[in-house]
Amino acid sequence: MLKPGDTAPFFDLPCAVGGRAGRLRLSQIDTEMVVLLFYPHDFSFICPTEVVGFHNAREAFAAEHTSIVAASVDDAATHLRWARELGGISYPLLADEGGALARAYGVFDEREGLAMRATFILDSKRTIVYCVASPVNVGRSVSETLRVACALRSGRMCPADWEPGGQFGPAGHKD
Amino acid sequence: MAALDPSEKKRLIERLSSIREIVFGMQDGILTTAGVLAGLSGAVAVHRQVILAALASTAAGALSMGAGAYLGTRAQTEVLTSELERTRQETAAEPYVLQEGLLHQLEREGLSREASYRVVQLLSSAPQALLSTAEVKMYGLSRQALGSAAADGVTMGGAFLTGALVPLLPFILIPSAGPGDYLGLIAAMATTALALFAVGYFQGWLAQRGRRWPSGLRFLAIAMGAAVAGYLIGLAIAPLGGAAPGQ
């Protein structure tokens, strides 16, 4: 699994976005930061709680100049049908068929043939600044990802359990 | 052939599930009693005493087998019931885990991911349907496996008793002319072999096999093989008791 400081592998993949099939390159994304979500599969029961959760928080991420992109091994047509079933997903769902992108990020489960539940945040230079992987049965926290995105974007030192609007620097530190 | 009504089919399958107790009990009753008759006929000269000993052995065997089946089924039922209850609690606490597990299992059995998802989603609208399907598909647990301990005990004991009568009846009905007259014993052994074959044949018929004769012969060979092996082991260890074989 890649770690903070590594250059984010480039992608140019088919995707489903806004109810249509398309294609997306990493270089086309012009926001300051990118949240890249890997998830195991469309048409499952835990993944939609995350995918819809990030969709519902899209405005909060946009306010932080952060784009959301998700990827699984499903093809674009399946992404389209699934997104429709979920009531529409605002951000692109990449069709990482074969799992090349997940492999490049070191989060491909070869035994199961699908991506692990992993999150990467990329900065403006498309360097990985945050990464986390969850067990397949445990969904990610949308609010935690947003909290980390806010903290990273602040460019300041953020103590444990820091929340947006909270005090920067270690406890007792006069910032 | 007209298809059976599903509820009738279910009842038939439940009845057929007793085949284990019936085959096991009958085979044991036949072989144990034949062994007692053969062994005692060589050692005891009085025909009537051999019959009494065989009857006592039959009664003890039937009770023992019936009690064993009762206790075995009861233990199995308790363990399975406990597992089913645990599954029910896990489902209530973490339905997603069960849904994902069932989805994977359906995929493994040939449904597409999307179709599996829709099936599980439909089942999820009725939690009991989801749970009972998951019990069978994911854990191989089935409420049908929760047999009745009393019924299994009676079936096993009855089957043993029925099997025991096979060698016993000809032995009783053919009186002995004295020491050296083995006509009753020969008749008992002949009916034993015939009955063992018949049990195998019947089992083949129940399983709707095209080849019932091989099923009967296989059953006869395995059962008689076990009996011969037991006899040979007896011969081998007889010297340890201080007696020469046959004495």
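I call a residue buried if 20 or more other C-beta atoms lie within 10 Å of its own, exposed if 12 or fewer, and partly exposed in between, with C-beta atoms placed from the backbone. By that count, 40% of the 175 residues of chain A are buried.

**Conventions.** I number residues from 1 along each chain as its sequence is written, and chains are lettered from A and ligands numbered from 1 in the order in which they are written. The model is predicted: local features need pLDDT of at least 70, side-chain atom pairs count only at pLDDT 80 or more, and totals for chains, interfaces and linings use all residues.

**Confidence.** I noted ipTM 0.71 and pTM 0.62 for the model. Chain B averages a pLDDT (the predictor's confidence in each residue, from 0 to 100) of 81, and 82% of its residues score at least 70. Where pLDDT is low, the predicted coordinates should not be read in detail.

**Chain A, elements.** I took helices (H or I, at least four residues) and strands (E, at least two) as DSSP runs, numbered from the N terminus. Chain A has five helices and nine strands, in the order β-β-β-α-α-β-α-β-α-β-β-β-β-α from the N terminus.

**Cores.** I looked up the nonpolar cores, each a set of buried Ala, Val, Leu, Ile, Met, Phe, Trp, Tyr and Cys residues joined through C-beta atoms within 7 Å. The largest has 61 residues, and Leu122(A) is one of those that touch the most other members. Strand 3 (residues 33-38) of chain A gives this core its largest share, six residues. A second, separate core of 29 residues includes Met26(B) and Ala164(B).

**Contacts.** I count two residues as in contact if their C-beta atoms, placed from the backbone, lie within 7 Å. Beyond its neighbours within four places in sequence, Leu122(A) is in contact with residues including Ala8(A), Met33(A) and Ile128(A). Between the chains, six residues of chain A are in contact with eight of chain B.

**Ser141(A).** I found Ser141(A) in the loop between strand 9 (128-134) and helix 5 (142-154) of chain A. Ser141(A) is partly exposed because 15 other C-beta atoms lie within 10 Å. Its C-alpha atom is separated by 7.7 Å from that of Glu50(A), 91 residues apart along the chain.

**Helix 8 of chain B.** I checked residues 183-206, which form helix 8 of chain B. Its buried residues include Gly184(B), Leu196(B) and Gly204(B).

Key. Expected span 1.5 Å × (residues − 1).
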